[in-house]
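User: I would like to go through this model with you, one question at a time. Please give the cut-off behind each term when it first comes up.

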Amino acid sequence: MTSTAPSSGASRALSSSSSTSNNNALGVASAKSGPAFITNAPPVSGFIGAIGNTPLIRLNALSDRIGANVLGKAEFQNPGGSVKDRAAHYLILNAEEQGLVQPGGTIVEGTAGNTGIGLAHACRSKGYKCVIYMPNTQSQEKIDLLRMLGAEVYPVPAVPVSDDMNYNWQAKRHAEKLDNAVWTNQFDNPGGNRRAHIETTGPEIWSQTNGGNLDGFICATGTGGTLAGVTRYLKEKSQGRIQCWLADPPGSVLHSYIQSGGELLERSGGSITEGIGQGRVTENLKPDIGLIDGSLHIEDEASIEMVYRALDEEGLYIGASSALNVVAAARMAEKLGKGSTVVTILCDGAYRYQARLFSRKWLESKNLVKAIPEHLQKYIVLE
């Protein structure tokens, strides 16, 4: 397993150096024609029915600049605002299928934010109570939103998973004390989390690229569900042709794990990104870790620059984790070669982090102002 791999050429045969040719090969609608309205879609059933079938967006400025196709799955268009709506739905579904929770019961989870938000929405729609434990390092916007959605929220000190005061173990103990309650265990629940992406995200990507007309998929991972599930689906459908890589932020050990062939180092440092990076191989990721072809380490400076570039050049208001994925997709496409097509995940929007990402004081505290090109610093509008 390495960070480079030869291109399969799946999309190169259909692409040329021109943006128009690339778009036509992928079936991308022309911007001149306006939005691609779906005229035959029936109404969906409530919040749950609205999850998924998100657009796959070609990042035109970036793609044209590198001579490849970088496609972002617009997961911020899920009804709860992030990719974690998918996992939230399947975590509850899995618990219901196993008889672990009955109507009117309580869903308890440890989460860095977005899974909790998805669960809070889903619980409201299905009549469950929701209890969330989360590290107190997460953005205030996420904490406030969870409470507005009716969740009982416990921000607790961020400690390693080996510590019994880790937010996940506190969530587990909380559920055990209640009647008719379940700890959904998002990090180690492949029958819920990973399954969501095998059954929904992976098939959507395959369909939206004209039956698998892509060379690579890459994203960062926290619980491991998205990377594992999409990788499993794309590898099986393409008979191993599509390259699947992991993107990793500072402070995570998974890049070194992939590059070393399985050596798990001690976790150290941290990142401005939230909800991604890991100090272990989760049960969600374990079944598919051997399918990962390579990995890339993405520095915070590149992620914050892409937050601002995506806003300025693409009109996309994405968070730092999404921006990290975009940087990784571009670097993967460059390694795979001109005309290649790489898909990644746009996890959520920047509005959940705007008090930090667009604050001069916060950026200065992280020594990141200089990472943002001077002509883009006009977007630093908060003190």
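Analyst: A disulfide is taken here as a pair of cysteine sulfur atoms within 2.5 Å. This is a predicted model, in which local features need pLDDT of at least 70 and side-chain atom pairs count only at pLDDT 80 or more, while totals for chains, interfaces and linings use all residues. Residues are numbered from 1 along each chain as its sequence is written, and side-chain values use heavy atoms, with hydrogens and water left out.

User: How many disulfides does a search of the whole structure find?

Analyst: The search covers the whole structure, and the number of disulfides it returns is zero. C244, for instance, takes part in no disulfide, since the nearest cysteine sulfur, which belongs to C219, is 9.2 Å away. For C347, the closest cysteine sulfur is again in C219, too far for a bond at a separation of 7.4 Å.

User: Is C244 buried or exposed, and where does C347 fall?

Analyst: Buried means under 20% relative accessible area, exposed means over 50%, and partly exposed lies in between, with a 1.4 Å probe and protein chains only. C347 has a relative accessible area of 13%, so it is buried. With a relative accessible area of 0%, C244 is also buried.

User: At what angle do helix α8 and helix α9 pack?

Analyst: Helices (H or I, at least four residues) and strands (E, at least two) are DSSP runs, numbered from the N terminus. Axes are lines fitted to C-alpha atoms, for helices over the stretch in contact, and angles run from 0 to 180 degrees between N-to-C directions. Helix α8 spans residues 193-208 and helix α9 residues 225-238; their axes are 7 Å apart, and the packing angle is about 50°.

User: Which class does that angle give α8 relative to α9?

Analyst: Angles under 35 degrees count as roughly parallel, over 145 as roughly antiparallel, 65 to 115 as roughly perpendicular and the rest as oblique. The angle between α8 and α9 is about 50°, which makes α8 oblique to α9.

User: Where is N53 found, and is N53 buried or exposed?

Analyst: N53 has a positive phi of about 55° although it is not a glycine. Its place is the loop between α2 (46-49) and β1 (56-58). Because its relative accessibility is 65%, N53 counts as exposed.

User: What is the accessibility class of N210?

Analyst: N210, in the loop between α8 and β7 (216-220), is a residue other than glycine with a positive phi near 55°. Its relative accessibility is 48%, so N210 counts as partly exposed.
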